[in-house]
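Let's take a friendly walk through a protein model, stopping at a few local features along the way. Have the sequence and the 3D view at hand as you read.

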Amino acid sequence: MFLLSCVRLLSLKFQPPQSLVSRRFQALQFLVSCPLRPFMDLKTLVSSLNDFASLSLAENWDNVGLLVQPSPPHTVKTLFLTNDLTEEVMEEAIQMKADLILSYHPPIFRPLKHITWKTWKERLVIRALENRIGIYSPHTAYDASPQGVNNWLAKGLGCCTSLPIHPSKAPSYPTIGTHRVEFNINDTPSMDKFMSAVREIPEVSITTFFARHNGEEQTRVSLNCTQKALLQVVAFLSENSHLYQKTEILALEKPLLQNTGMGRLCTLAESVSLATMIERVKRHLKLSHVRLALGVGRTLESQVKVVALCAGSGSSVLQGVEADLYLTGEMSHHDVLDAAAQGINVILCEHSNTERGFLSELQNTLAAHLENKVHIILSETDRDPLQVV
C-alpha cells in the first residue's frame, strides 16, 4: 500500500504540463492518421527556405542559414518555428518530434570553441544532434524581406504606405567590379601592347568599341574592376598617359530592391492620436502594456501621421529618421532621449515582442511556399524573457 502511494505521488509530481501532454497526443494522432505523410530532404528544404527569403539580404555581421546539420541523409517531416531557441523550447521541439527547428534568432552567434555540457548554447547543439534535429536561422534576412517581420509589424498601424528605411541592394549586380574606367585610345602600334598589359591586371574585365573624337576614329575602352584593382589601373594609366584621352571613372552602384530593406517608414492614410496608435500596437502585438517616451511638447492627443519602425532593436536603423513616432522593441536610454528631444514619440515593446507574432503568419505562408510537404508547428513555450510584474 505504501509503495502504491509513492508511485501515485511520483506520477503526480512528475506529470508534464497538461498543454504539453495534449500537444503530444495531438502529434501522435497526426502520426497515426498520416502514416505516409509527406517530407522533404533537408538540403531541398533549406534551398526552398533560402528561395523564400534570400540569405544575401541579411546583414553582414549576422549568422544565418543552416547552423546545425545532422549527418545526411536527413529528411524533414516536421518543421518547428520559434523566435528564440531556449532549452525549454528545445525540449518542446523534441517532444513534438521536430526534424528541423527554424529559430528566427540564431542560437549560435559568437563562435563556439568547444561543445560541452557547460553552457546552455552548447547544450542546445548537443541535444539537437542527439535527436537528429537541424537548426536554421534567417534573422535579418526576414527583417529585410518584403514579406518579412517589419512588413508584418507595419500591419498593426492601420492603413498606410511603407518604404524601407535602409533599402537593400541587389546582391549580384553588377556581376564584376565596383568601378568602371572608360577612356579613348588611338589605333597606334603601341595599342596592342598597352591593352595586353591592362588585361594582365587581376580582377579586371574589358570591353572595347569604336568611337569618334574630333573627327578621328578611336577605340573606346570600358574597364570594370574591383576597388583593389582600381588603384593598379590608375597607376598604370598614369605611367602611359600619352596613349589615351577622355578618361572617366565611375562608381558602380548596385540597384535597389523594391520593398526590401531594414526598417519601414510608414505614412498613415489618416492621422490618428498617439493614444489611438498605442492601442493599435498593443492589440496587434497582444500586449497589455508598452513603454512610452513622449516627445518634447507632445501629449497623448498629439497626431501621428508618419511612423518609423524596426522590429527588435531599432536604435541604429531609426537614428536620424524624421517621423512622429518611433516603434521598436528596444532602444538605448540616450537614443530615446535624443528622439524625445526632437519631438519624436517612442514606443518600446521589448525586443522579441515585435517579432514573435510574425511566426503565426509565417506558418501559413511557408506551408503554401513548401506546398504542404512538411508539417509546420509553432512553439507554445517561446516567450520574451522580460515581463511586467
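This is a predicted model: local features need pLDDT of at least 70, side-chain atom pairs count only at pLDDT 80 or more; totals for chains, interfaces and linings use all residues.

To find Leu 300, look in the loop between strand 13 (291-293) and strand 14 (303-313).

Next, let's turn to the backbone. Pro 72 and Pro 73 are joined by a cis peptide bond, with omega at about 0 degrees. Pro 73 has its place in the loop between strand 2 (65-68) and strand 3 (75-76).

Two further stops concern phi. Arg 132 is a residue other than glycine with a positive phi, near 50 degrees. You will find Arg 132 in the loop that runs between helix 5 (120-130) and strand 6 (134-137). With a relative accessibility of 33%, Arg 132 counts as partly exposed.

The other stop is Asn 372, again a residue other than glycine, whose phi is positive and near 55 degrees. Asn 372 sits in the loop between helix 13 (358-369) and strand 17 (375-378). Is Asn 372 buried or exposed? Its relative accessibility is 54%, and since exposed means over 50%, Asn 372 counts as exposed.

How values were computed
Residues are numbered from 1 along each chain as its sequence is written. Side-chain values use heavy atoms; hydrogens and water are left out. Helices (H or I, at least four residues) and strands (E, at least two) are DSSP runs, numbered from the N terminus. Buried means under 20% relative accessible area, exposed over 50%, partly exposed in between (1.4 Å probe, protein chains only).
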